[in-house]
Amino acid sequence: MIQCSWCGASNPDESRFCSACGKDVTVPKPEPKVVEPQVVIDQAVSPQDKELAEKAKTQNVIWLVLNIISSLMGCCFVLPLVFGIIGIVFSSQGLSLSKTNVLASKAKAKTAMIMFIVGISIAVLSWIIYLIVIVLVGSAGFLDSLSSGYYY
Ligand SMILES: [Zn+2]
């Protein structure tokens, strides 16, 4: 008896073709082709590119956090808050782009960095001016009370 290697059916010894499936029983069934595993996009990206994407992501996270801080610091003043919010928008866009478009992501991170630097500078400057005004008004009030005390 010859067992057909294609369908498993038993055939008489002298048979050439399988009685069940009609295939040539003298030809062994070829080994099933090993299917190449589907290349995942993540693996198609070279380690270098992956590193760059990771770097862009990290930069955007840093600028996102710093822009949130500068927004909070500048929330009493309009201008630094505006820069902070623009920075937040850019860095979050950069964050979502880091996996698909590293260059665009880096550009967003750069803009977010500039927004942070400008925003935090204006925020700090605003606070300094604000505190100076408070101190001046305070001392003016103190002088006023002092002089009015004299004239009283
Ligand atoms: Zn067969």
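Residues are numbered from 1 along each chain as its sequence is written. Because the model is predicted, local features need pLDDT of at least 70 and side-chain atom pairs count only at pLDDT 80 or more, whereas totals for chains, interfaces and linings use all residues.

The protein chain has four helices and two strands, where helices (H or I, at least four residues) and strands (E, at least two) are DSSP runs numbered from the N terminus. Along the sequence these elements follow the pattern β-β-α-α-α-α. Of the 152 residues, 24% are buried, a residue being buried if 20 or more other C-beta atoms lie within 10 Å of its own, exposed if 12 or fewer, and partly exposed in between, with C-beta atoms placed from the backbone.

Helix 2 covers residues 47-73. At 1.5 Å a residue, its 27 residues should span 39 Å, and its end C-alpha atoms are 39 Å apart, which agrees; the expected span is 1.5 Å times one less than the number of residues. The buried residues of helix 2 include A53, A56, Q59, N60, W63 and L64. K50, also in helix 2, is partly exposed because 14 other C-beta atoms lie within 10 Å. The C-alpha atom of K50 is separated by 8.3 Å from that of K99, 49 residues apart along the chain.

The axes of helix 2 and helix 3 (lines fitted to C-alpha atoms over the stretch in contact, with angles from 0 to 180 degrees between N-to-C directions) come within 8 Å and cross at roughly 160°. Helix 2 is therefore roughly antiparallel to helix 3, the term applying to angles over 145 degrees, with under 35 counted as roughly parallel, 65 to 115 as roughly perpendicular and the rest as oblique.

The largest nonpolar core has 17 residues; such a core is a set of buried Ala, Val, Leu, Ile, Met, Phe, Trp, Tyr and Cys residues joined through C-beta atoms within 7 Å.

| Helix | Residues |
|---|---|
| Helix 2 | 47-73 |

Among the core residues with the most contacts inside it are A56, W63 and A109. Leaving aside residues up to four places away in sequence, A109 touches A56, Q59, N60, W63, S91 and G94, contact meaning C-beta atoms, placed from the backbone, within 7 Å.

Conventions:
Contact = placed C-beta atoms within 7 Å.
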